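Visitor: I would like to go through how this model is described, term by term. Please set each value against its rule.

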Amino acid sequence: VRIGCRPDVDGLRAVAVLSVIVYHMNSGWLPGGYTGVDIFFVISGYVVTGSLLSHPSSTCFEFLCGFYTRRVKRLTPALLLTIGVCGLCVAMLEPPMTPHLEDSFAAVAIALCGASNLFFAWLSLA
């Protein structure tokens, strides 16, 4: 079973993401915008399931390695671009004596490892 590109599914994901962005800009504009996260996860589950079903493997190890290899190849370019642009913006826009500026650059480095949520949770406890 091979599921090709689905513009309708991509469009629904875009609407979900835009609803969250609008909610973060001003929650009064779209009070239920945070539900875009749930919608995005459901749609992503559909896409991931389609991907898993379209790549059968003979062993569980081969199956999981293939799945995660495809994900890393697909997500790494966007991750690096996002981290690079955000790091550059912080470097250019934040005054050098900003309190906790080192935390911003540490967050960039930690995001490269995919552990930024843990880092920010730790900062909120400190």
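Predicted model: local features only at pLDDT ≥ 70, side-chain atom pairs only at ≥ 80, totals over all residues.

Visitor: What makes the crossing of helix 2 and helix 3 right-handed or left-handed?

Guide: Helix 2 passes helix 3 in a right-handed crossing. Residues are numbered from 1 along each chain as its sequence is written, and side-chain values use heavy atoms, without hydrogens and water.

Visitor: Why are helix 2 and helix 3 called oblique?

Guide: Their axes come within 11 Å and cross at roughly 130°. Under 35 degrees is roughly parallel, over 145 roughly antiparallel, 65 to 115 roughly perpendicular, and the rest oblique. Helix 2 and helix 3 are therefore oblique to each other. Val-48, Ser-51 and Leu-52 of helix 2 meet Phe-63, Phe-67, Arg-70 and Arg-71 of helix 3; contact means heavy atoms within 4.5 Å.

Visitor: How do you know which residues of that contact are nonpolar, polar or charged?

Guide: Ala, Val, Leu, Ile, Met, Phe, Trp, Tyr, Cys and Pro count as nonpolar, Asp, Glu, Lys and Arg as charged, and the others, Gly among them, as polar. The contact of helix 2 with helix 3 divides into 4 nonpolar, 1 polar and 2 charged.

Visitor: What makes helix 1 and helix 2 roughly antiparallel?

Guide: The axes of helix 1 (residues 7–25) and helix 2 cross at roughly 155° and come within 8 Å. Helix 1 and helix 2 are therefore roughly antiparallel. Their crossing is left-handed. Among the contact residues are Leu-12 and Val-17 of helix 1 and Phe-40 and Ile-43 of helix 2. By class, this contact has 11 nonpolar, 3 polar and 1 charged.

Visitor: Why does helix 4 get that description with helix 5 as well, roughly antiparallel?

Guide: The axes of helix 4 and helix 5 cross at roughly 150° and come within 8 Å. Helix 4 and helix 5 are therefore roughly antiparallel to each other. The contact includes Ala-107 and Ala-111 of helix 4 and Ser-116 and Phe-120 of helix 5.

Visitor: Which residues line the second largest pocket?

Guide: Ala-107, Ala-111, Ser-116 and Phe-120 are among them, as are Leu-79 and Val-90. Helix 3 gives the most, with 6 residues. The lining has 8 nonpolar, 4 polar and no charged residues.

Methods:
Axes fitted to C-alpha atoms, helices over the stretch in contact; angles between N-to-C directions. Helix = DSSP H or I, 4+ residues; strand = E, 2+ residues; numbered from the N terminus. Left-handed = near helix turned anticlockwise from the far one by under 90°. 1 Å grid on protein atoms, 1.4 Å probe; cavity = no way out; pocket = protein on both sides within 12 Å on 5 of 7 lines; lining within 4 Å.
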